[in-house]
Amino acid sequence: MMRRLIRDLLVFAIAACAGLLVTTAVIRVLHSPTRGLPYHDHFADGDASGWVAYDGNWTVQSGAMVNESNERGAKLITGSTYWTDYAMDADLALSSTGEAGIIARVSDAEPGVDSYKGIYIGLRVRDESLVVGEADYGWGELAVVALPQPIIPNVWYHIHLELRGCELKVLTWRDGNRDVIRLSHGLSPCFRQGKIGLRSYDSGGQWKNIRVVALRGNAGE
Amino acid sequence: MSGGFRLRQAVRPLGVAVLGVSCGCLTALAPMLRTPPSAPVIAFIPRTTGTSFTEDMHHGAEVAARAAGYQIYWNGPTREDDLDRQILIAENAVHRGARALILGPTNIWGLTTVVNQFTARRLPVIFVQTGPVEPTGPYLTSVTPDQAQFGRIAAARVVIVTRGNGEVAIVGVDRNAPETLSRADSFIRTLAAHPAIRVVAESPGAVQIMQAEQSTRELVGSYPRLKAIFAVSADATQGAMLALEDAGAHGNIALIGSDRDLFLADDLQKGKLDSLVTADSYQIGFLAVQDALSAVAGRPLPPPQRVGVELLTRKGSTIVIQRNP
């Protein structure tokens with residue numbers, strides 16, 4: 001009787017440890033900040049099934065993701081909630097006089113203008129500028145850099161973004177133009193992790209060549 | 001030994017192992033399943049969000065809520081006329097447990113049924129931006145700008161810029177946005193004391209910039225001696241401004257706009273508008289949340305409140321605020 005009890009306890013302990021270890025390992029893999037990275041989408045195959053739309057009218061056309069709606073704050077989101085430090089690249093073209101850009105470290109997204117938590121980097125026709133802001137179900141503008149030349153609709157611009165800890169670096173330039181606009185900004189406090197996305201405000205737009213790579217070494221550490 | 005006993009002996013360790021694995025899995029998953037306690041929520045659903053007017057209102061609401069240990073759930077449609085989306089957002093917020101609802105109605109007539117349903121369930125509802133159609137009561141009230149004062153201040157400004165005579169027009173009248181009717185009505189009644197000023201037209205386009213732009217183009221074409229335009233909403237102001245710029249007429253026709261929204265304050269600073277009549281949206285947000293908190297605490301909602309209006313003009317590149325012009 002005693003031997004059987006000891007055997008059961010032993011089996012239970014070994015099984016519990018195994019369950020704990022396997023589950024922890026699975027969680028680690030699923031929550032890994034590098035799972036799914038590097039990521040790229042050229043929209044060449046016409047497949048946008050990995051993206052989730054929150055407002056807007058999004059379609060893949062000729063290797064680009066197009067939003068034909070000029071409503072305020074349309075978003076298209078993909079990636080992992082657990083991505084932390086990464087660099088993101090995108091080509092984008094505005095189709096009218098509002099603004100368009102990319103979003104990073106996105107979580108809790110819902111339909112609505114600023115209904116997500118994350119960082120927005122975009123080009124704004126209104127004051128011909130590169131804009132960085134933070135959305136947390138509300139809008140907080142963090143930095144604005146005037147562009148040397150007016151934004152031209154339907155012309156491709158490149159945005160490169162790096163997020164390391166709470167340090168943000170942005171580079172942008174017009175296709176075929178050597179003038180690179182640089183912006184560095186310390187975010188404090190900041191969203192630490194999240195998905196990526198495309199966003200437009202009061203303008204339609206086109207995006208292509210979306211790339212995300214993990215960055216090694218945390219500025220905050 | 002019987003077969004049944006042998007089977008039990010074989011199954012028992014398996015059962016213990018399954019139990020052990022389950023306990024191990026649950027121990028690993030426990031931190032993820034635990035949800036931290038969160039503050040009670042007041043839902044604030046304006047007509048749209050992401051504009052300077054609504055962001056100021058949001059700020060005021062956050063300040064009032066935080067002081068009472070409440071959270072604001074802030075969301076709105078991406079278009080000011082998207083009634084269906086507004087109803088969906090409001091219903092979802094209430095379903096998730098919002099204790100009170102603050103609404104900037106996209107369409108007061110379209111919201112009647114859903115608002116009646118909420119108030120019947122004793123959920124406090126506070127209207128901002130414009131008042132409700134239904135009579136107010138213990139579960140329904142409003143905090144809105146003094147719409148009649150909008151019209152009076154705009155009319156006083158028109159008297160100054162036209163030197164008391166000439167043709168003026170109104171742009172942006174929309175029966176789904178009753179504040180535009182009140183503003184236009186009060187404007188006309190105030191100008192009745194100045195018979196040399198004639199209101200020659202009232203054009204639509206309250207929440208559609210393009211419609212207001214088109215209306216203004218037609219006005220400029222039809223009334224070449226037009227001296228001033230009173231645009232009764234932010235979108236109407238934006239549309240009228242674009243049309244006047246396009247027609248090269250913004251130096252000749254004074255545009256008196258409404259609401260410090262979109263980028264209108266910047267436009268005023270740049271001289272694209274003559275002036276802007278606006279209410280303190282921070283105050284509206286703050287007072288609306290205070291009303292909601294009072295109702296959540298079991299007190300009946302106060303009667304509708306009106307927030308004062310001010311005139312913004314430009315002196316050089318500085319904006320001058322006149323509270324009692």
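B:Thr49 is found in the loop that runs between β1 (41-45) and α2 (52-67) of chain B. The model is a predicted one, and in it B:Thr49 is buried, with a relative accessible area of 2%.

**Surroundings of B:Thr49**
- Apart from its neighbours within four places in sequence, B:Thr49 is in contact with A:Arg72, A:Val113 and A:Asp114 of chain A, and with B:Thr54, B:Trp74, B:Asn75, B:Gly76 and B:Pro77 of chain B.

**Aromatic pairs**
- Over all chains, the count of aromatic pairs comes to 10.
- In one of them, the rings of A:Tyr39 and A:Trp51 have centres 6.4 Å apart and planes at 70 degrees, and because planes over 60 degrees apart count as edge-to-face, the pair is classed that way.
- A:Tyr39 belongs to strand β1 (residues 39-41) of chain A, while A:Trp51 lies in the loop between β1 and β2 (52-54), so the pair ties together parts that are 12 residues apart in sequence.
- A:Tyr39 is buried at a relative accessible area of 17%, and A:Trp51 counts as buried at 7%.
- A:Trp58 and A:Trp207 form a tilted pair, with 5.2 Å from centre to centre and 45 degrees between the planes.
- This pair links strand β3 (residues 58-61) with strand β15 (residues 205-214) of chain A, its two residues being 149 residues apart, and both A:Trp58 and A:Trp207 are buried.

**Cluster and charges over rings**
- A:Tyr39, A:Phe43, A:Trp51, A:Trp83 and A:Tyr86 together make up one aromatic cluster.
- A:Lys208 lies over the face of A:Trp156, at 4.3 Å from the ring centre, and B:Arg96 lies over the face of B:Tyr73, at 4.9 Å from the ring centre.

Technical notes:
Residues numbered from 1 in each chain as written. Chains lettered and ligands numbered in written order. Predicted model: local features only at pLDDT ≥ 70, side-chain atom pairs only at ≥ 80, totals over all residues. Heavy atoms only, no water. Helix = DSSP H or I, 4+ residues; strand = E, 2+ residues; numbered from the N terminus. Buried < 20%, exposed > 50% of the residue type's maximum accessible area, 1.4 Å probe, protein only. Contact = heavy atoms within 4.5 Å. Phe/Tyr/Trp six-rings, centres within 6.5 Å; stacked < 30°, edge-to-face > 60°. Lys NZ or Arg CZ within 6 Å of the ring centre and 35° of its normal.
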